[in-house]
Amino acid sequence: MLAAQVLDQLSGPDGALAVTRHEAVSPLPVEVGRLLQHVLDVVARGGTVTVGSVPEVLTTTTAAGFLGVSRPTLMRMVDNGELPSHKVGTHTRLKASDVYAALRARRARERAAYQELMDLEDGD
């Protein structure tokens with residue numbers, strides 16, 4: 001209930017969130033504000049929010065999970081040069097930043113394809 005009340009206060013005109021500590025006010029970056037609003041929205045609807053950290057280097061199984069693909073599909077992406085990787089002994093490892101970049105690129109392609117479909121529908 002408290003999350004819903006705070007969210008209601010944040011739903012006004014665009015502004016900035018700030019943190020006050022020892023009488024000093026520090027504005028928060030817009031991305032942090034959006035993240036906090038999303039967390040409050042989930043909590044207000046009765047959902048659960050889990051916060052975790054991701055290591056800088058991922059195993060292929062973990063990277064496949066983040067991308068929502070099977071491990072063999074991930075390995076094909078690595079073999080085709082679509083996703084940079086490096087070896088640690090005989091094991092393939094991927095940088096988390098590369099995996100997230102691939103995820104963002106895929107989402108951008110999906111949005112563009114969806115928009116193209118919408119444009120085709122509007123043209124008819």
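Modeller: Strands (E) are DSSP runs of at least two residues, and helices (H or I) are DSSP runs of at least four, both numbered from the N terminus. The model is predicted.

Colleague: Where does histidine 22 lie?
Modeller: Strand E1 covers 18–21, and strand E2 covers 24–27. Histidine 22 lies in the loop between E1 and E2.

Colleague: Is histidine 22 buried or exposed?
Modeller: Its backbone has a positive phi, near 50°, in a residue other than glycine. The relative accessible area of histidine 22 is 72%. Exposed means over 50%. Histidine 22 is therefore exposed.

Colleague: What is the phi of glutamate 23 near?
Modeller: Glutamate 23 is placed in the loop between E1 and E2. With a relative accessible area of 79%, glutamate 23 is exposed. Its phi is positive, in a residue other than glycine, and is near 65°.

Colleague: Is glutamine 5 buried, partly exposed or exposed?
Modeller: Glutamine 5 has its place in helix H1, residues 2–10. Its relative accessible area is 41%.

Colleague: How many Å apart in space are glutamine 5 and alanine 44?
Modeller: In sequence, glutamine 5 and alanine 44 are 39 residues apart. In space, C-alpha to C-alpha, they are apart by 8.5 Å.

Colleague: At what angle do H1 and H2 pack, and are they oblique or parallel?
Modeller: Helix H2 spans residues 30–44, and its axis is 8 Å from that of H1. The two pack at an angle of about 135°. That makes H1 and H2 oblique.

Colleague: Which residues of H1 and H2 make the contact?
Modeller: H1 passes H2 in a left-handed crossing. From H1 come Ala3, Ala4, Val6, Leu7 and Leu10. From H2 come Gln37, Leu40, Asp41, Val43 and Ala44.

Colleague: How many residues of the contact of H1 with H2 are nonpolar?
Modeller: The contact of H1 with H2 has 1 polar residue and 1 charged residue. Its nonpolar residues number 8.

Colleague: Are H3 and H4 roughly parallel or roughly perpendicular to each other?
Modeller: H3 covers residues 60–67, and H4 covers residues 71–79. They pack at an angle of about 100°, with axes 9 Å apart. Angles of 65 to 115 degrees count as roughly perpendicular. H3 and H4 are therefore roughly perpendicular.

Colleague: How many polar residues does the contact of H3 with H4 have?
Modeller: H3 brings Thr60, Thr61, Ala63, Ala64 and Leu67, and H4 brings Arg71, Leu74, Met75 and Met77. By class, 6 of these are nonpolar and 1 is charged. The polar residues number 2.

Colleague: Is threonine 60 buried or exposed?
Modeller: Threonine 60 is found in helix H3. Leaving aside neighbours within four places in sequence, threonine 60 is in contact with Arg71, Leu74, Met75, Thr92 and Leu94. Its relative accessibility is 6%. Buried means under 20%, so threonine 60 counts as buried.

Colleague: Are H3 and H5 roughly parallel or roughly perpendicular to each other?
Modeller: H5 runs over residues 96–123, and its axis is 10 Å from that of H3. The angle is about 25°. Angles under 35 degrees count as roughly parallel. H3 and H5 are therefore roughly parallel.

Colleague: What do the buried residues of H5 pack against?
Modeller: Ala96, Val99, Ala102 and Leu103 are buried in H5. These buried residues pack against strand E3 (57–59), H3 and strand E5 (91–95).

Colleague: How many Å does H5 reach from its first C-alpha to its last?
Modeller: H5 has 28 residues. At 1.5 Å a residue, 40 Å is expected. The reach is close to that, at 40 Å.

Colleague: How far apart in space are alanine 112 and threonine 20?
Modeller: Alanine 112 is found in H5 and counts as partly exposed, at 45% relative accessibility. Alanine 112 and threonine 20 are 92 residues apart in sequence. In space, C-alpha to C-alpha, they are apart by 41 Å.

Methods:
Residues are numbered from 1 along each chain as its sequence is written. This is a predicted model: local features need pLDDT of at least 70, side-chain atom pairs count only at pLDDT 80 or more; totals for chains, interfaces and linings use all residues. Side-chain values use heavy atoms; hydrogens and water are left out. Axes are lines fitted to C-alpha atoms, for helices over the stretch in contact, and angles run from 0 to 180 degrees between N-to-C directions. Angles under 35 degrees count as roughly parallel, over 145 as roughly antiparallel, 65 to 115 as roughly perpendicular and the rest as oblique. The expected span of a helix is 1.5 Å times one less than its number of residues. Buried means under 20% relative accessible area, exposed over 50%, partly exposed in between (1.4 Å probe, protein chains only). Contact means heavy atoms within 4.5 Å. Ala, Val, Leu, Ile, Met, Phe, Trp, Tyr, Cys and Pro count as nonpolar, Asp, Glu, Lys and Arg as charged, and the others, Gly among them, as polar. A crossing is left-handed if the near helix is turned anticlockwise from the far one by less than a right angle, and right-handed if clockwise.
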